[in-house]
Amino acid sequence: MKKLGYFPGCSLMVTNRAYSISACNVARQLGIELSELSDWNCCGATAYLSLSEAKAFVMSARNLAIAESEGHDTLVAACSGCYVVLRKTGKYLDEKPQVRAQVNAALAAGDMSYKRTVKVRHLLDVMVNDCGEEAVKGCVKKPLQGLKVAAYYGCQVGRPFGEADDPEFPVTMDRLLGWLGATPVEFPVRATCCGGLTMTTEPELGMEMSGRILRVAREQGADCIATACPLCQINLEAYQDRIGRRLGADVRIPVVYFTQLMGRAFGLSSQEVMAGDSLTDVSAVLA
Amino acid sequence: MKTTKGRRLDAQATKALRQEFLDDVCALPDGERVKECIQCGTCSASCPSAGRMDYSPRAIIAALRAGDLEHVLESDTVWLCASCYGCTVRCPVGIPFTDIMYELKRLGMTRGMLPKARQAAVMASTFAETVNSLGRNNEVALIRKYYLRTNPFAAFGQMGFAMRLMKRGRLELSSHRIKGLDGLRKMLATVDGEGGR
């Protein structure tokens, strides 16, 4: 069993636990143990970056330091927001000596240190590029034959770093879905923003952005949308009725994590992929 | 433009604000490229929020050059950025515009220069407060405080959503506090000690 450092992030502990639980169960099938960092803290998130960049970096650096002290050279983040903040911290620590000095001093105040040996990766990137076609296909017991999926990447899988996937036109999830036997539909809004936190702070704007994604998925004849980020997931699954009334169109569609689809193709039970947590009707997709 | 107080900074204060902003932006990786902006508008065309912004991303840089940062900070602009990084990856000059938006948010926060519609700023500070007290976020605590501080009546509109989450056991009703909270606080305090953003 290959062991990788794993950063679930706050929202995957309860509200979006379906992502984390399905991810860990699927990874196990592929011979990977996602080993949760002990006593990790919030990555800092977009909110902390809006207040204090230095503090956001200190928050993330503490997590990187824990990963390093536990002997991990890779830290896998499932949430795209955590992925970008942790990765950004690594970049600033590498490129900006002032940031490095400030963060090192902060870590020392809490008796920790970080030697910059940890690489931050997105879960989707690891599942596709490390596991690969052969291993994934080898785990498939119930191919998702005939299932048309809109692969939705959101922003931060590919942006700004372009390491986990292409910034403009990501494709890794489409490849993965193909290995599972599903059919990815043409989905031009695959990397268009879901609205993120504006769904709460500026609901009209948030619904406009999520509405576009739901509408296009329906127009393209998708049976479901697959996501790789807890915030995208909840924005797309939670407000479909309200958005539909606003658009004057039926935009109801099941929204699932890509790891839940992997689990179903691997023959895991609906409990093992936490199908019961969904706010949309996923009975036809995760049954 | 919608500004909170309708006041104008004097010439010296305007210059100081502009200089502080430029210094902070130039400290970002590739930040100094902001000086090379060609005003092509690719950022604005790529921005999913631009239609609702008083100043589009391109216009922010134009305003900066015109010495009018004050109006930008107090307008409905920077807090509408959803951090999608669309502008950043498309800018032909390589300006990390999303990071500049964060810089503008921080500048507005520290100087108290915020738009009338300040929900996103309240969200950010409430989030930080929650994380400071636990080491992690707790969504229930965050959202409860957020609505109390912005629009308590809007919380009723979210009751149905909350009930649907509750039914599925998806509401985080008890808070998890990290064991190393004291250590984390000591770390964060060193940043305050330097007065740094």
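Trainee: Which residue stands opposite Ile225(A)?
Mentor: That's Val255(A), in strand S8 of chain A. This is a predicted model, where local features need pLDDT of at least 70, side-chain atom pairs count only at pLDDT 80 or more, and totals for chains, interfaces and linings use all residues. Residues are numbered from 1 along each chain as its sequence is written, chains are lettered from A and ligands numbered from 1 in the order in which they are written, and side-chain values use heavy atoms, with hydrogens and water left out.

Trainee: How many bridges join S7 and S8 of chain A?
Mentor: Three, in the parallel sense, with S7(A) covering residues 224-227. Strands are DSSP runs of E, at least two residues, while helices are runs of H or I, at least four residues, and both are numbered from the N terminus. Two strands pair if DSSP finds at least two bridges between them.

Trainee: What's the strand order in that sheet?
Mentor: S6-S5-S7-S8 in chain A, an open sheet of four strands with parallel pairing. Its edge strands are S6(A), 183-184, and S8(A), 255-257, and each pairs on one side only.

Trainee: Which helix packs on the sheet?
Mentor: Helix H7 of chain A, residues 172-179. H7(A) touches S5(A) (148-151), S6(A) and S7(A), where a contact means heavy atoms within 4.5 Å. The direction of H7(A) makes about 160° with that of S5(A); axes are lines fitted to C-alpha atoms, for helices over the stretch in contact, and angles run from 0 to 180 degrees between N-to-C directions.

Trainee: And where is Pro160(A)?
Mentor: In the loop between S5 and H7 of chain A. The peptide bond from Arg159(A) to Pro160(A) is cis, with omega near 0°.

Trainee: New topic: what's the phi of Ala45(A)?
Mentor: Near 60°, a positive value in a residue other than glycine. Ala45(A) belongs to helix H2(A), residues 45-49.

Trainee: Why does Ala45(A) count as buried?
Mentor: Because its relative accessible area is 16%, and buried means under 20%, exposed over 50%, partly exposed in between (1.4 Å probe, protein chains only).

Trainee: What about Ser83(B), what's its phi?
Mentor: Near 65°, again positive in a residue other than glycine. Ser83(B) sits in the loop between helices H4 (69-74) and H5 (86-90) of chain B, and is buried with a relative accessible area of 3%.

Trainee: Is Lys55(A) buried or exposed?
Mentor: Buried, because its relative accessibility is 14%. Lys55(A) lies in helix H3(A), residues 53-69.

Trainee: So what does Lys55(A) touch?
Mentor: Tyr48(A), plus Leu188(B), Val191(B) and Asp192(B) over in chain B, not counting residues up to four places away in sequence. Lys55(A) and Gly44(A) are 11 residues apart in sequence, and their C-alpha atoms are 7.7 Å apart.

Trainee: Let's zoom out. How many helices and strands are in chain B?
Mentor: There are 11 helices and zero strands. The C-alpha atoms of chain B fill a box of roughly 50 × 40 × 35 Å along the principal axes.

Trainee: What share of chain B counts as buried?
Mentor: 50% of its 197 residues. And among contacts in chain B between residues at least 6 apart in sequence, 66% join residues at least 24 apart.
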